[in-house]
2 protein chains.
Amino acid sequence: MLATYRALCTHGYPNTSIAKIADEFEKSKSLLYYHYDDKEDLLEDFLSFLLERLEAELDEVDHENPRKHLLALIDRLLPSEMDDQAFQFRRAILEIRSQAPYHGAYREQFERSDTLFLSEFVSVIERGIEEGQFRAVNAEETAEFVYSAAYGALERGVTLEDPDIIEQNRAIIQEYVESQLVRYQ
Amino acid sequence: MLATYRALCTHGYPNTSIAKIADEFEKSKSLLYYHYDDKEDLLEDFLSFLLERLEAELDEVDHENPRKHLLALIDRLLPSEMDDQAFQFRRAILEIRSQAPYHGAYREQFERSDTLFLSEFVSVIERGIEEGQFRAVNAEETAEFVYSAAYGALERGVTLEDPDIIEQNRAIIQEYVESQLVRYQ
C-alpha cells in the first residue's frame, strides 16, 4: 500500500504502472506481479485499504458533543495547515476519482466513502436536533450541502495547489454551521 | 477542438494521445503534429477555447434580475437533465483538472475559469444587495460557498455517474439562495 502511495505521489495516476509501484516496493517484486494483474487491480485494494482506515478514523472522532463532532468532520475533509504530503495524498485520491467512470471498482469505493461521510453527517445532525443543540433542519439536505461544499473546496484547492482556498472555505462552512445550525441560547 | 473532445470522451485522459486525437481529426493529421508538440500542448489550447466559450455564454445570461441571474449561474454549473454527452464532457474536464498539479498551463486555465465564475457570483450578489433584492450578506464568502457546493456536487455526481446527486444538490443550493439571500417582502 505504501509503495502504491509513493508511486502515485511521484508519478501521478496516468504515469503510474505496476512496474513503477514495484520500483517502490522493498519486498519481492515478483510477489506483487503474482498478486495483481494490473494497476487497476492494485488500486482497488489501495482504495479499500483507505476506506477501512477512514472508518477507523471516523470512529475515533469525539462523539460526545454534536457541534464539536460536526466541526471535526469538516476538519477531517478540509484539514488546517495541510503540508506537502497531505496535498500529495489528496491529489492522488482525486486523480483516481476522476477515473471512476471507467472502472466500476473505483466507483464502488468512492460511493462507499461518500456514503460513509454522508451518514456520519446525517447522524450527528439528527443527534444535535434531538438534543436541542441544533435547529430542526432537514438533516439529509444539510449533510449533502456541507459535504458538497467541503468536497468542492477540496477539489478546487488541491488541483490549484492553493491552501488559502481550503482555509477560507473551511471557515465559511464552519460559519454556516454556527449561524444556521447551532442554536445559541 | 472537436477531435480533441471526441478523443477525450472515447479514451479518457490517461489513454488520450496526440495520435488518438489525430485519428478523430478529419483534416490533415500532419497539420496537427506540425502545430502541437504533445497532448498537453494541444489540451492547453482546448482549455483556452472552452474558457472563451464560457465567457461568451456567461455574457449571454439574462442580467436583468439578480435572483434569476444567480439561479441561472447555478444551472450553468449543475444543468438539469444532463444527457450522456453532458456527462462525458464534464468527465473529461474533471480528468484534465485532476492533472493540473502536474501542468502549469492547465492550472492557469482552471484558475481563470474559477475566477470567472466567482466574479460573476460576487457581482450578481452585490447587485442584488444594492437593489434591495438580497440581504446584506458578505458577497465574496457567499460566492465561495455556492461555487464550492456546486463544484463538489458536480465532482461527486459526474465521477459516480449519478444524475440524482446533481439534481438533488441543485435543488438544495437553490433553496439556500431563496431562504438565505432573497428578501421576500
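Eight salt bridges turn up across the interface of chain B and chain A, a salt bridge being a side-chain nitrogen of Lys or Arg within 4 Å of a carboxyl oxygen of Asp or Glu. One of them pairs A:E155 with B:R97, whose closest N and O atoms are 3.9 Å apart. This is a predicted model, in which local features need pLDDT of at least 70 and side-chain atom pairs count only at pLDDT 80 or more, while totals for chains, interfaces and linings use all residues. Side-chain values use heavy atoms, with hydrogens and water left out.

As for contact (heavy atoms within 4.5 Å), 39 residues of chain B meet 39 residues of chain A. Sorted by class, the side of chain B that touches chain A has 19 nonpolar, nine polar and 11 charged residues; here Ala, Val, Leu, Ile, Met, Phe, Trp, Tyr, Cys and Pro count as nonpolar, Asp, Glu, Lys and Arg as charged, and the others, Gly among them, as polar. The buried area, meaning the accessible area (1.4 Å probe) that the two parts lose on being put together, summed over both, comes to about 3,600 Å², with carbon and sulfur atoms giving 60% of it. In chain B, the residues that lose the most area to chain A are B:F145, B:R156 and B:L160, together 19% of what that side buries.

How are the two chains related? Chain B can be laid on chain A with an RMSD of 0.0 Å by a turn of 180° and a shift of 0.0 Å along the axis, which is the relation of a two-fold axis.

The side chains of B:E161 and B:R91 pair up at 3.4 Å, N to O. B:E161 sits in the loop between α8 and α9 of chain B and B:R91 in helix α6 of chain B, so the pair ties together parts that are 70 residues apart in sequence. Helices are DSSP runs (H or I, at least four residues), numbered from the N terminus. B:R91 is buried, at 12% relative accessible area, whereas B:E161 is partly exposed, at 35%; buried means under 20%, exposed over 50%, and partly exposed in between (1.4 Å probe, protein chains only).

Technical notes
Residues numbered from 1 in each chain as written. Chains lettered and ligands numbered in written order. Least-squares fit on C-alpha atoms with pLDDT ≥ 70 in both. Helix = DSSP H or I, 4+ residues; strand = E, 2+ residues; numbered from the N terminus.
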